[in-house]
Amino acid sequence: MPMTLYHFCADRHIKGILHNGLTEGGLTEITPHGFILHTGWIWLTTDPDAKKQSWATRNAIQYSRTAWHLTVEIPDNELDRIYDRQRLRAVYPLTEPLFEGWPGSENWCVHHGRIPREYIKAYERSL
């Protein structure tokens, strides 16, 4: 049975996502020597409520990062590409600060690799 997860995005990204799928994303590790960016990781959540996405602040950016709500179904044969906080920490220990202090982060996970358009089962404007 596929796993249903959710992704939120800004107006500026929806057309590309609906055409190409979810293709961009990354993880940042914070080291004493600076940042390490790991590309190819798409952020998802098990919580469908855009209002509960604590990362969706406008403090650093001037647009809504939750303008669109996407329902994504990851097929059984790709469930090994889903990493929750604990599994991700085992691979990239310095990503732990990405979760610390963010309400709702217990619902976050990442998918390693591109998520094809076919996996996006629904999309709608967030209220």
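Arg89 is partly exposed, with a relative accessible area of 33%; partly exposed lies between buried (under 20% relative accessible area) and exposed (over 50%), using a 1.4 Å probe and protein chains only. Arg89 also forms a salt bridge with Glu96, where the closest N and O atoms are 3.0 Å apart. A salt bridge here is a side-chain nitrogen of Lys or Arg within 4 Å of a carboxyl oxygen of Asp or Glu.

This is a predicted model, in which local features need pLDDT of at least 70 and side-chain atom pairs count only at pLDDT 80 or more, while totals for chains, interfaces and linings use all residues. Residues are numbered from 1 along each chain as its sequence is written, and side-chain values use heavy atoms, leaving out hydrogens and water.

- Helices (H or I, at least four residues) and strands (E, at least two) are DSSP runs, numbered from the N terminus.
- Glu96 is buried, with a relative accessible area of 11%.
- Together, Arg85, Arg89 and Glu96 are linked in a network of salt bridges.

**The Arg125 and Asp11 pair**

- Arg125 forms a salt bridge with Asp11, and their closest N and O atoms are 2.7 Å apart.
- The two partners sit 114 residues apart and link distant parts of the chain: Asp11 in helix 1 (residues 11-20), Arg125 in strand 8 (residues 120-125).
- Arg125 is partly exposed at 44% relative accessibility, and Asp11 is partly exposed with a relative accessible area of 44%.

**The whole structure**

- A search of the whole structure finds 4 salt bridges.
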